[in-house]
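The sequence and structure come first.

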Amino acid sequence: MTEIIHHIPLWYLPLLVILPITALWAGVAGLRRTARRKTAADRDPDWSVPPLADEKQGGSFLHKWDVRCKIVTILIFSFVVASLDHLAAALAAVVISLSVAVMIRVPAARLMLRLLALAGFLGMLLVVMPFTVPPHSGDTLVVFGGVEWLTLNFRGLLLAATIAARAVAIAMLMEPLLSTAPLPVTLHGLCRLGVPEMAAQMVLLSNRYVHVFSHEARRMSAGMQVRGFRKRTDTATLRTVANFLGMLFVRSFERTERVFDAMRARGYQGRFPEPVKLRLCASDLFICLAWLTVAAALVVWDRIIL
Amino acid sequence: MHISDGVLPVSVTLGGYAVSAALAAWSARRTTSDQLPKVAVVTSAFFVASLVHIPLGPTSAHLLLPGLAGALLGPVAFIAIGLGLLLQCLLFQFGGLTALGANALMMGLPAIACGWLFQALKGNTHMRHAAAGAAAGATGTAMAAVFLAGFLAAGGEDFFGVAKIAMAAHVPVIVIEGAVSALTIGFLFRVKPELLETGLVTPKKESHD
């Protein structure tokens, strides 16, 4: 075993580990509240309109880009990013994603919400991995106060940070992928790439009804609060929540039947009309090629040079 | 808990996509194609239900509901769960685009298994139904935790510690999930027992022709 081992007193543990974790936790909670408040205004009132159809702003190259090229390129790039091994390459991918997001002017609060949704999982990795990665030769270990099982391994920290960078880079591309075209157009592009049409229809329908049912759920929970229900850790809460869920299912299953009857009555025969005619031109392919060249360069840098 | 991007080896994510596409096709074959729009609408109800948080001391846990989805939908639950995860990817800010296949397997396979379990265990009485619901709810979440740990452990021995801790973190959720599933099934048995008979979407049903 040729690890480099540093012994430091136990009282460093709060200073070096617990304090940063608490600060990170508080920061994430604060940011989450701010981002929620900023996006709540345009998310809450008009629940019937799917929020992904963002047609007001448009004009960046991603808005004009052929939707099929966009999907293929971003998917390939995501998988390339997921396969990067080194922290430096993953951080470069974060920079690329961030610059794309800035270029198409994604609202900062929405980007923030996407990243904060990852915070729980990635935070767990960042806290757990440094203490659980088995020591290999060449690792730098920090032992707190001679307690053997409380050994911080820097390789684990590096590994977790690389994972976090990859996840952030991919998550930041979701907004450019989805908010630069209305959802029906994106799904139409997917169908043209070979996804079954029924799958696309199901996404459209369930996207619509998530909004309807969450509105219904909000009304029901408002009624429960008016009648004096407060959530606590007890069996009464469990029972009430279970009845709430049961009622939600009963109502929505009945509604499903009515929705389906209404669709039939309007002549639904398993197809939705095409939202747009897609046409491929040279500039679409050029952007595609340019982006994939960047991806290839990243892989070469990650695997060969680093 | 869902796996985020960048955790799993690329071979595992691609394999996850392939297997879940095959399973989704199998699951779609179990119903007639004109019932699929209904599955979509039902999925949204499950999606909304899974956003409910249950307080647990100082924190709270949100329901995963693979057991309940399996019990109410049967084999189509796999499609519903895949669709739900895709929606989460689109709307709900949680990415996981590359890990989508693995996440669908993690929640969808338990759902299918729990559907069978529920149909096998439920008797004719309220108590039997509630007990079968508890079994389905708890087993579904437990299986999802095992799959999560398995997928994480696929990353090599560096991930074994994380896998163990992730599995331990699911224990309170398993208890809550079992209790809530039992109570919800009990409620549905009293209010609308026909939902528990065949589920909403079956090939046999011909109420619209």
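## Salt bridges within chain A

Arg68(A) and Asp66(A) are both buried. In this predicted model, the two residues form a salt bridge, with 3.2 Å between the closest N and O atoms.

Another salt bridge joins Arg110(A) to Glu175(A), where the closest N and O atoms are 3.4 Å apart. This pair links distant parts of the chain: Arg110(A) lies in helix α5 (residues 108-132) of chain A and Glu175(A) in helix α6 (residues 154-178) of chain A, 65 residues apart. The cut-off for a buried residue is under 20% relative accessible area. Arg110(A) has a relative accessibility of 19%, so it counts as buried. Glu175(A), at 4%, therefore also counts as buried.

## Lys192(B) and its partners

Lys192(B) takes part in a salt bridge with Glu194(B), at an N to O distance of 3.4 Å. Lys192(B) counts as buried because its relative accessibility is 16%, whereas Glu194(B), at 44%, counts as partly exposed. Salt bridges with shared partners also join Asp85(A), Asp302(A) and Arg303(A) into one network.

Lys192(B) also forms a salt bridge with Glu254(A) in the other chain, the closest N and O atoms being 3.5 Å apart. Over all chains the count comes to 12 salt bridges, and between chain B and chain A it is three.

## The interface

At the interface, 69 residues of chain B are in contact with 70 residues of chain A. The two chains bury about 6200 Å² between them, and 79% of that area is on carbon and sulfur atoms.

Eight residue pairs are in polar contact between chain B and chain A, counting pairs with both residues at pLDDT 80 or more. Elements of chain B that give two or more residues to the side touching chain A include α1 (10-29), α2 (36-49), β1 (53-56) and α8 (171-191). The most comes from α2(B), with 13 residues. By type, the residues on this side of chain B divide into 47 nonpolar, 14 polar and eight charged.

## Overall form of chain B

Chain B contains nine helices and two strands. Its order along the sequence is α-α-β-β-α-α-α-α-α-α-α. The radius of gyration of chain B is 17 Å, close to the 17 Å given by the globule rule for 209 residues, so chain B is as compact as a globular protein of that length.

The C-alpha trace of chain B spans about 50 × 40 × 30 Å along its principal axes. Of the 209 residues in chain B, 60% are buried. Among contacts in chain B with a separation of 6 or more, 75% involve residues 24 or more positions apart.

Technical notes. Residues numbered from 1 in each chain as written. Chains lettered and ligands numbered in written order. Predicted model: local features only at pLDDT ≥ 70, side-chain atom pairs only at ≥ 80, totals over all residues. Heavy atoms only, no water. Contact = heavy atoms within 4.5 Å. Buried area = accessible area lost by both parts, 1.4 Å probe. Salt bridge = Lys/Arg side-chain N within 4 Å of Asp/Glu carboxyl O. Polar contact = N/O pair within 3.5 Å; in protein donor to acceptor, adjacent residues only side chain to side chain. Helix = DSSP H or I, 4+ residues; strand = E, 2+ residues; numbered from the N terminus. Nonpolar A, V, L, I, M, F, W, Y, C, P; charged D, E, K, R; others polar. Rg over C-alpha atoms; globule rule 2.2 N^0.38 Å. Buried < 20%, exposed > 50% of the residue type's maximum accessible area, 1.4 Å probe, protein only.
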